Amino acid sequence: MPTTQKDTSILIVGAGLSGLTTAVCLGRYKIPTIVIEKRLDFLSHPRADGFTPRTVEIFRSIGFPASVIPERPEEFKLRRARVHSLIGQWFEEIPWSALDKKGNGGSESAVEYSPYRGSFTPQDVLEPILCKRALDLGVDVRMGFQLVDLRMDESSVTAVVSDPGREKFEIKAKYLVAADGHNSTVRKILDISRSGHGHISSIKSVLFRAPEVNPYLQKGITQFIIDQADLKAFLIAYRDGRLVLHLPTELATSEGVQRALIPKALGTSDVNVEVLGYSQWDMSALISKKFSSAGHSSSETPHTAYLPTEEGAHNLAWKLALVVSGISKPALLDTYDAERRTVAWLRHDQIFARSDYKTLQKDKGADDKPHVAIEDMAMEFGELYQSRGIIGIDGSFSPAKRPDEWAGQPGTRAPHVWIQRGGKTISTIDLFCENWVILSQDLTWKDLLNKTKENVSVDVVFEEVIQNEPVPFSFEEAFGVTPNGASLVRPDGYIAWRCATLPGDANDLTKALKQVVFAL
Ligand SMILES: Cc1cc2nc3c(=O)[nH]c(=O)nc-3n(C[C@H](O)[C@H](O)[C@H](O)COP(=O)(O)OP(=O)(O)OC[C@H]3O[C@@H](n4cnc5c(N)ncnc54)[C@H](O)[C@@H]3O)c2cc1C
Ligand SMILES: *[C@@H]1O[C@H](CO)[C@@H](O)[C@H](O)[C@H]1NC(C)=O
Ligand SMILES: *[C@@H]1O[C@H](CO)[C@@H](O)[C@H](O)[C@H]1NC(C)=O
């Protein structure tokens with residue numbers, strides 16, 4: 001029987017990218033948080049390497065400057081080619097997606113969508129960076145602690161945890177965040193099923209160094225589809241000199257076989273190869289039926305477990321912080337499922353609309369209907385959130401559009417425009433960190449905002465928008481407001497409400513704030 005018990009506001013299970021991102025966000029809001037991670041150490045396999053500009057926007061907004069998480073240099077593009085072997089014949093460069101014929105990751109465009117470029121930061125480098133920041137912010141991160149059981153009642157979630165010495169104890173929290181990955185223990189305990197295409201392929205990978213092939217990586221292509229009659233594989237070169245050879249499980253029957261296939265993929269056995277490690281992973285497309293689960297459906301204030309992804313963490317954390325600190329009500333948390341599950345399905349379907357993954361599908365599966373491919377920039381910056389926490393959603397909106405096709409509609413990401421502040425030029429994107437923000441060119445909104453304080457206690461910052469001519473995009477155009485209108489943006493950078501012109505008094509703003517903060 002577990003003897004000791006610890007109390008916290010939020011318990012996060014899993015210290016991967018999702019769990020650590022959630023931890024950093026909550027740490028910034030000073031919400032008491034414990035993270036438990038069953039592994040004793042971080043994985044040394046690099047895994048994720050390419051982070052999109054939107055992910056970099058999130059890293060910046062939660063306090064990671066370019067000195068900590070750098071952006072890729074302008075000339076670095078994510079490029080891939082189909083080859084016989086790395087030093088053998090190169091057949092063709094393959095565009096990143098069917099909609100991006102230039103093969104450059106879709107980042108080149110006349111319109112500037114973000115002040116940031118994507119990042120090439122290997123996951124084994126990134127996770128310790130996130131973890132250190134969480135610790136600095138006072139989050140209690142426990143490596144070697146595994147969640148083994150879970151119960152929920154009307155007022156709390158209790159996790160049974162085993163420590164590195166296999167001793168069991170309990171952690172009691174107001175809310176639990178299940179960031180324990182695709183094989184989530186929490187999801188299984190809560191009996192949340194998944195649907196979707198399912199398994200796509202099983203892959204074994206071997207991580208190695210071979211410095212003598214570096215000259216072949218100078219042309220800027222870092223991903224190689226190895227296409228030989230008896231070897232179909234995928235080779236990725238990380239910027240730090242490590243390479244990973246991904247092999248289908250059928251072929252990679254042992255570590256010895258994987259090791260032996262490295263020279264074949266490189267096209268030479270004349271170079272030194274230092275193997276760093278082996279790993280395996282499954283590629284599948286599955287979406288949980290629910291993104292949250294309440295202990296008791298009858299409960300007025302269900303104390304619930306939430307399953308986030310990396311971007312989901314950013315959507316969820318400020319909501320948890322508002323609810324746990326008593327400013328908002330649990331109904332706000334329901335908007336997490338509403339907003340993120342739609343996006344998850346959109347992303348799921350896009351996998352099969354894109355030619356590079358169509359070829360990886362063994363069969364079409366249950367999902368036989370054709371999915372229309374949506375442009376990268378629409379998927380990246382233009383996904384629509386729909387929930388009770390957003391006012392003025394039009395059911396006819398498409399699920400994703402390019403930022404220059406939106407014009408500040410509620411439910412969309414607040415667009416990037418350059419504005420002036422204190423003699424400096426900054427991006428609107430940099431305004432959205434911890435607080436709500438009201439943007440307007442008209443100072444009257446500052447007075448209106450002050451008047452709402454008697455009825456709504458949430459922190460909202462007023463930003464007077466000043467733009468010096470010429471700007472490629474005006475605030476009015478991008479946010480869809482007149483010179484005295486305003487846009488209300490959430491801490492995660494999504495527009496919650498807008499008012500095209502100046503209202504007569506503060507009541508409209510009070511009403512809007514109540515609706516979007518309480519989602520009632
Ligand atoms: C080869 C490869 C390449 C990839 N490349 C990219 C890329 O370029 N860009 C990109 O964005 N993504 C990429 N990904 C995907 C990316 O790695 C995942 O999306 C990301 O790791 C998911 O993070 P997560 O925190 O949700 O889950 P995970 O990283 O799976 O973390 C879950 C954590 O929970 C822990 N855990 C599980 N059960 C328990 C328990 N009961 N108690 C305590 N802890 C538990 C696990 O040990 C683990 O550390 C790649 C993945 C692979 C395999
Ligand atoms: C998934 O988790 C179960 C325990 O819940 C474990 O037995 C199994 O090995 C795991 N599978 C993978 C692929 O990690
Ligand atoms: C605050 O609430 C009171 C009582 O409901 C109302 O009379 C007042 O107009 C509200 N103030 C604002 C600024 O909305």
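This is a predicted model: local features need pLDDT of at least 70, side-chain atom pairs count only at pLDDT 80 or more; totals for chains, interfaces and linings use all residues.
Next comes an open sheet of seven strands, with mixed pairing and the order 5-4-12-13-14-11-15. The edges belong to strand 5 (90-94) and strand 15 (274-288); each has a single partner strand, so one side of each has no neighbour in the sheet. Going from one strand to the next, the twist averages 25 degrees. Inside this sheet, strand 12 (residues 223-228) and strand 13 (residues 231-237) run antiparallel and are joined by six bridges. One of the residues involved is Gln-223, whose bridge partner in strand 13 is Ile-236.

Now for the ligands. Ligand 1 has 24 residues around it, and the closest of these are Ser-18, Glu-37, Arg-39, Gln-123 and Leu-147. Sorted by class, that shell holds eight nonpolar, nine polar and seven charged residues. Several polar atoms come up close to the ligand's own. A polar side-chain atom of Ser-18 is 2.7 Å from an oxygen atom of ligand 1. Lys-38 takes part through its backbone instead, with an N or O atom 3.1 Å from a nitrogen atom of the ligand. Thr-185 uses its side chain, where an N or O atom lies 2.9 Å from a nitrogen atom of ligand 1. On its own, ligand 1 has 990 Å² of accessible area, and the protein covers 77% of it. As for where the shell comes from, helix 1 (17-28), strand 2 and strand 8 (146-152) are the elements that each supply two or more residues.

Ligand 3 has its own set of surrounding residues, namely Lys-451, Glu-454, Asn-455, Ala-506, Asn-507 and Thr-510. By class, this shell consists of one nonpolar, three polar and two charged residues. Oxygen atoms of the ligand feature in each of the contacts described here. A polar side-chain atom of Asn-455 is 2.4 Å from an oxygen atom of ligand 3. For Asn-507, the corresponding distance from a polar side-chain atom to an oxygen atom of the ligand is 2.6 Å. Thr-510 likewise places a polar side-chain atom 2.8 Å from an oxygen atom of ligand 3. Taken alone, ligand 3 exposes 360 Å², of which the protein buries 50%.

Technical notes:
Residues are numbered from 1 along each chain as its sequence is written. Chains are lettered from A and ligands numbered from 1 in the order in which they are written. Side-chain values use heavy atoms; hydrogens and water are left out. A residue is near a molecule or strand if one of its heavy atoms lies within 4 Å of it. A polar contact is a pair of N or O atoms within 3.5 Å; within protein, one must be able to donate a hydrogen and the other to accept it, and residues adjacent in sequence count only if both atoms are side-chain atoms. Accessible areas come from the Shrake-Rupley method with a 1.4 Å probe; for residues, only the protein chains shown count as cover. Ala, Val, Leu, Ile, Met, Phe, Trp, Tyr, Cys and Pro count as nonpolar, Asp, Glu, Lys and Arg as charged, and the others, Gly among them, as polar. Two strands pair if DSSP finds at least two bridges between them. Helices (H or I, at least four residues) and strands (E, at least two) are DSSP runs, numbered from the N terminus. Axes are lines fitted to C-alpha atoms, for helices over the stretch in contact, and angles run from 0 to 180 degrees between N-to-C directions.
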